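Here are some notes to read alongside the model you are about to open.

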Amino acid sequence: QVQLVESGGGLAQPGGSLRLSCAASGSIFGFGVMGWYRQAPGKQRELVATITGGAIRNYADSVKGRFTISRDNAKTTVALQMSGLKPDDTAIYYCYATIWNRANEYWGQGTQVTVSS
């Protein structure tokens, strides 16, 4: 069974930093795209960042230059380094993953990020 487990969420002040991590397990085929989405109260879920093949990165315009996504060599862990945090970054952040050559999409349980003074 595929599982995605997030960690690293919490409270940060504006301008501060947080690092989110997601540990993925359970795929016998290997993971393909991995990334992060977020959902703020009253808003739809939105893409934050994705990484494919350990090199191809995609960022939402709202976080470009502030957030950095990375992946370990085994492609089972994806991290999101967040700096220059803004109150608008407050949301539940969800880890996302696909499996190579499979249509299935998997999601973590979410971790709360709150940016407030």
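1. Before we start, contact here means heavy atoms within 4.5 Å. This is a predicted model, with local features needing pLDDT of at least 70 and side-chain atom pairs counted only at pLDDT 80 or more, while totals for chains, interfaces and linings use all residues. Residues are numbered from 1 along each chain as its sequence is written, and side-chain values use heavy atoms, with hydrogens and water left out.

2. Let's begin with Thr111. Leaving out residues up to four places away in sequence, Thr111 touches Glu6, Gly9, Leu20, Ala91, Ile92 and Tyr93. You'll find Thr111 in strand 11, residues 111-115; strands are DSSP runs (E, at least two residues), numbered from the N terminus. Thr111 counts as buried, at 12% relative accessibility. On that scale, buried means under 20% relative accessible area, exposed over 50%, and partly exposed in between, using a 1.4 Å probe and protein chains only. A polar atom of the Thr111 side chain also lies 3.4 Å from the backbone nitrogen of Gly9.

3. Stay in strand 11 for Thr114. Is Thr114 buried or partly exposed? At 26% relative accessibility, Thr114 counts as partly exposed. Its side chain makes a polar contact with the side chain of Gln112, at 3.3 Å. (A polar contact is a pair of N or O atoms within 3.5 Å; within protein, one must be able to donate a hydrogen and the other to accept it, and residues adjacent in sequence count only if both atoms are side-chain atoms.)

4. Which residues does Thr114 touch beyond its neighbours within four places in sequence? They are Gly10, Leu11, Ala12 and Thr90. Look at Thr90 in particular: Thr114 and Thr90 are 24 residues apart in sequence, yet their C-alpha atoms are 4.6 Å apart in space.

5. Four strands make an open sheet in the order 1-3-8-7, with antiparallel pairing; two strands pair if DSSP finds at least two bridges between them. Strand 1 (3-7) and strand 7 (67-71) stand at the edges with a single partner strand each, so one side of each has no neighbour in the sheet. Strand 1 and strand 3 (residues 18-25) run antiparallel and are joined by five bridges. Among the residues involved, Val5 has Ala23 in strand 3 as its bridge partner.

6. Next, the aromatics. The structure holds three aromatic pairs, where rings of Phe, Tyr and Trp (its six-membered ring) pair if their centres lie within 6.5 Å; planes under 30 degrees apart count as stacked, over 60 as edge-to-face and the rest as tilted. One of them is Tyr37 with Trp107, edge-to-face, at 5.1 Å centre to centre and 65 degrees between the planes. Tyr37 sits in strand 4 (residues 31-39) and Trp107 in strand 10 (residues 105-107), so this pair ties together parts that are 70 residues apart in sequence. Tyr37 is buried, with a relative accessible area of 18%, whereas Trp107 is partly exposed at 30%.

7. Trp107 also pairs with Tyr96, this time tilted, at 4.9 Å centre to centre and 55 degrees between the planes. That pair links distant parts of the chain, with Tyr96 in strand 9 (residues 91-99) and Trp107 in strand 10, 11 residues apart. Tyr96 is buried, with a relative accessible area of 8%. Tyr37, Tyr96 and Trp107 form one aromatic cluster.
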